There are 2 protein chains.
Amino acid sequence: MVKELDEKTDVLPDHVGWRLWQASRAWQAEFAAAMRAAGHAWFSEARAGLLGHIPRNGTRQSALIERAATSKQAVQQLLDGLEAEGVLERLPDPRDGRGKLVRYTRKGLDALRDGDRIKLQIERGYIDRIGEQQFAALMDALRSLDAGQGDASGEAPGSK
Amino acid sequence: MVKELDEKTDVLPDHVGWRLWQASRAWQAEFAAAMRAAGHAWFSEARAGLLGHIPRNGTRQSALIERAATSKQAVQQLLDGLEAEGVLERLPDPRDGRGKLVRYTRKGLDALRDGDRIKLQIERGYIDRIGEQQFAALMDALRSLDAGQGDASGEAPGSK
DNA sequence: TGAATATCGTCAAGTATCTTGACTATACGG
DNA sequence: CCGTATAGTCAAGATACTTGACGATATTCA
């Protein structure tokens with residue numbers, strides 16, 4: 001009993017939450033590494049999360065804020081960074097003097113293209129690892145989970 | 001075409017990475033909300049990530065650093081916070097004048113107990129939503145993915 | 001028309017988390 | 001005892017996010 005303190009007697013990480021977190025982290029680390037290896041050194045997970053809400057043809061900043069589940073200020077700061085990196089540009093909205101349009105630059109579109117390629121690569125790796133059938137089961141379960149959740153999630157903060 | 005700018009034409013979030021991220025976020029948000037509702041206002045995801053590596057009987061700080069995949073300084077800062085909240089306490093290691101033992105306080109053990117209860121609650125909710133079979137398939141796939149990954153992950157940073 | 005109100009974006013300051021670098025104290029090997 | 005490795009700390013900076021306050025434009029409606 002006073003032998004080695006016996007770590008790992010409990011705290012067994014085998015509940016859904018831990019497994020999901022683990023898997024998500026692994027995916028993101030792999031993706032980020034590949035993106036940086038592809039020359040997109042500006043890439044980060046937070047920025048990726050935002051870019052995932054910007055369609056290829058651009059969007060209004062306010063529409064972007066609605067989609068991303070954070071405050072408008074957080075979105076703005078991320079946009080500032082991405083604009084400074086030359087990934088995005090902001091133009092005045094001709095139809096609303098208050099608004100601005102967010103649009104990809106050439107550099108941004110190149111990154112999107114590489115991102116899509118890398119996603120497919122990673123997915124192929126997963127299928128190699130666990131088989132096509134189990135991969136399909138994983139996707140089905142995740143989609144069901146998402147669909148079954150509905151609108152139970154919270155409001156975006158900072159929107160006062 | 002000049003009608004409504006037609007958002008959501010692309011950027012379809014249906015690849016593994018996005019689904020995993022989404023599911024993981026949802027779980028964590030639900031867990032954190034339940035923990036705070038149970039009176040553990042000090043709870044945060046980063047702290048949870050660290051607590052997940054501390055067995056109920058405590059551990060040495062150095063052992064903890066090995067397990068958590070971050071720098072010793074990050075671990076220390078989280079421990080500082082948790083100690084200040086009264087969740088943990090640090091004692092000198094009687095067997096090594098350099099080391100310290102990290103141990104739960106009564107408050108910390110209470111939180112662990114509530115955490116376990118909440119995990120089961122959430123899991124039950126998932127099973128209600130997607131069925132026992134699909135839930136089992138999800139867990140199997142996640143476990144296979146983890147097992148198939150091996151040691152491909154990077155070293156802990158900051159360990160110079 | 002024109003005033004009240006709402007929306008869009010910005011500026012500023014603070015918090016949490018994590019990073020790198022430098023440092024002290026203790027342990028251990030020869 | 002001495003050199004080196006290990007355990008933990010202190011300090012400073014970067015990133016991501018939060019709340020609060022604000023100016024500019026749009027919309028509503030009396």
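Biologist: At what angle do helix H1 of chain A and H1(B) pack, and how far apart are their axes?

Modeller: Let's start with the general idea: two packed helices are described by the angle between their axes and the distance between the axes. In this predicted model, helix H1 (residues 16-37) of chain A packs against H1(B) at an angle of about 140°, and the axes lie 8 Å apart. Angles over 145 degrees would count as roughly antiparallel, so H1(A) and H1(B) are oblique to each other. Their crossing is left-handed.

Biologist: Which residues make that contact?

Modeller: On H1(A), they include Leu20(A), Ala23(A), Ser24(A) and Trp27(A), and on H1(B) they include Leu20(B), Ala23(B), Ser24(B) and Trp27(B). By class, the contact of H1(A) with H1(B) has 12 nonpolar, six polar and no charged residues.

Biologist: Now the whole interface, please. How many residues of each chain are in contact?

Modeller: Here 49 residues of chain B are in contact with 48 residues of chain A. On the chain B side, helices H1 (16-37), H5 (106-130) and H6 (132-149) each supply at least two residues, and H1(B) gives the most, with 14. That side of chain B divides into 23 nonpolar, 15 polar and 11 charged residues.

Conventions. Residues are numbered from 1 along each chain as its sequence is written. Chains are lettered from A and ligands numbered from 1 in the order in which they are written. This is a predicted model: local features need pLDDT of at least 70, side-chain atom pairs count only at pLDDT 80 or more; totals for chains, interfaces and linings use all residues. Two residues are in contact if their C-beta atoms, placed from the backbone, lie within 7 Å. Helices (H or I, at least four residues) and strands (E, at least two) are DSSP runs, numbered from the N terminus. Ala, Val, Leu, Ile, Met, Phe, Trp, Tyr, Cys and Pro count as nonpolar, Asp, Glu, Lys and Arg as charged, and the others, Gly among them, as polar. Axes are lines fitted to C-alpha atoms, for helices over the stretch in contact, and angles run from 0 to 180 degrees between N-to-C directions. Angles under 35 degrees count as roughly parallel, over 145 as roughly antiparallel, 65 to 115 as roughly perpendicular and the rest as oblique. A crossing is left-handed if the near helix is turned anticlockwise from the far one by less than a right angle, and right-handed if clockwise.
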